[in-house]
Amino acid sequence: MGRVFTATLPVDDHAAEHGWNQWLDDDEQARAGRFVVLADRQAFRAAHALRRAMVTAVLGCAPADVRFTVDQPGGKPRLVGEGGLDVSLSHCRGAVACVVGEGCRVGIDVERSDRPFPPEVLAMITAPAELPWAAERAVPLWTLKEALTKAVGWGLAIDFTSLSLAPDPWRADSLPPQFAGAAWRLRQWSPYPGIQAALAVGKAVTDESILAP
Ligand SMILES: CC(C)(COP(=O)(O)OP(=O)(O)OC[C@H]1O[C@@H](n2cnc3c(N)ncnc32)[C@H](O)[C@@H]1OP(=O)(O)O)[C@@H](O)C(=O)NCCC(=O)NCCS
């Protein structure tokens with residue numbers, strides 16, 4: 001498997017802006033300015049600054065040379081001119097995360113640990129086999145499913161009940177067709193008090209690896 005670089009940052013909305021703006025392009029600065037709540041604005045800036053800093057470090061290029069595009073509205077941001085690198089970011093109030101993967105598909109998610117999951121919402125994200133434990137592990141389950149669906153670029157457009165995960169250690173028991181052709185690795189952790197994070201990495205399964213002992 002190619003290299004996978006993951007980073008998280010705590011974001012204190014009362015702190016100075018840590019020079020994040022200098023890492024953002026004009027579009028990102030304009031988008032940041034549209035957030036009404038300071039904590040959301042800070043998290044957006046931090047996440048996008050972290051993404052550009054990580055890609056710059058991996059490619060050894062100038063920050064201004066790192067550009068992203070989307071193939072369709074709502075699609076996964078793709079690095080222009082660098083087909084071999086996949087990137088994913090996530091921001092919530094209090095923390096951000098970013099992952100850069102070489103030769104694999106990557107998705108990352110951060111959420112606040114106190115995010116409520118009322119029964120009707122839980123029912124919309126839980127596969128039948130997850131029902132016995134889903135309520136106790138709602139936030140980890142949600143972050144892992146977000147990370148997985150962000151890795152394949154579908155996000156919330158995928159029915160989360162069609163992804164069936166199992167804990168201890170986290171693994172995918174059953175995934176819908178969008179995930180076919182790759183072996184998926186999952187990681188779930190708490191980078192800071194009150195914050196949960198999840199990472200999904202999918203490496204294409206080649207004929208050679210299927211035949212390998
Ligand atoms: C992607 C998505 C799950 C993000 O959820 P969220 O928890 O609100 O936000 P997060 O902070 O974790 O992630 C947001 C980041 O995910 C990335 N993202 C957006 N759409 C994405 C997608 N389809 N796939 C992967 N990543 C995506 C962006 O970098 C975004 O950051 P930005 O909004 O600051 O530019 C949700 O917005 C979504 O499902 N969007 C698109 C669904 C869609 O319309 N799909 C149909 C087209 S394929």
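This is a predicted model: local features need pLDDT of at least 70, side-chain atom pairs count only at pLDDT 80 or more; totals for chains, interfaces and linings use all residues.

**Ground rules**

I take helices (H or I, at least four residues) and strands (E, at least two) as DSSP runs, numbered from the N terminus. My residue numbers start from 1 along each chain as its sequence is written.

**Entry: the ligand**

I went to the ligand and asked which elements supply its shell. β4 and α4 each give at least two residues, and the largest share, 4 residues, comes from β4. I call a residue near a molecule or strand if its C-beta atom, placed from the backbone, lies within 6 Å of it. The shell has 18 residues, and G74, K76, S90, G155 and L156 come nearest to the ligand.

Sorted by class, I get 6 nonpolar, 8 polar and 4 charged residues. My classes are Ala, Val, Leu, Ile, Met, Phe, Trp, Tyr, Cys and Pro as nonpolar, Asp, Glu, Lys and Arg as charged, and the others, Gly among them, as polar.

**Entry: the core**

Next I looked for the largest nonpolar core. I count a residue as buried if 20 or more other C-beta atoms lie within 10 Å of its own, as exposed if 12 or fewer do, and as partly exposed in between, with C-beta atoms placed from the backbone. A nonpolar core is then a set of buried Ala, Val, Leu, Ile, Met, Phe, Trp, Tyr and Cys residues joined through C-beta atoms within 7 Å.

The largest such core has 45 residues, and A46, V96 and A200 have the most contacts inside it. At least two residues each come from α2 (38-59), β4 (85-92), β5 (95-102), β6 (105-112), α4 (138-151), β9 (182-192) and β10 (195-204). I found the largest share, 7 residues, in α2.

**Entry: helix α2**

Among the buried residues of α2 I listed A43, F44, A46, A47, L50 and V55. Their cover includes β1 (4-10), α1 (26-33), β3 (78-79), β4 and β5.

Leaving aside neighbours within four places in sequence, A46 touches L9, V11, W20, H91 and V96. With the same exclusion, L50 touches A7, L9, V96 and C98. Why does L50 count as buried? Because L50 has 21 C-beta neighbours inside 10 Å. The C-alpha atoms of L50 and T8 are 8.5 Å apart, although 42 residues separate them along the chain. Just after α2, G60 has a positive phi of about 70 degrees.

**Entry: helix α4**

The 14 residues of α4 should span 20 Å, and its end C-alpha atoms are 20 Å apart, so this helix agrees too. α4 is mostly covered, with 12 of its 14 residues buried. Its buried residues pack against β4, β6, α3 (119-125), β7 (164-166), β9 and β10. Just after α4, I noted a positive phi of about 85 degrees at G153.

I count two strands as paired if DSSP finds at least two bridges between them. β9 and β10 run antiparallel and are joined by 9 bridges, with W184 opposite G202 in β10. The hairpin they form has 2 residues between the strands, and G194 in the turn takes a positive phi of about 85 degrees.

β7 and β8 (171-174) are antiparallel over 3 bridges, and S164 has S174 of β8 as its bridge partner. Their hairpin has 4 residues between the strands.

**Entry: the loop between β7 and β8**

D168 sits in the loop between β7 and β8 and counts as exposed because 7 other C-beta atoms lie within 10 Å. The peptide bond from D168 to P169 is cis, with omega near -5 degrees, and P169 belongs to the loop between β7 and β8.

Notes: Two residues are in contact if their C-beta atoms, placed from the backbone, lie within 7 Å. The expected span of a helix is 1.5 Å times one less than its number of residues.
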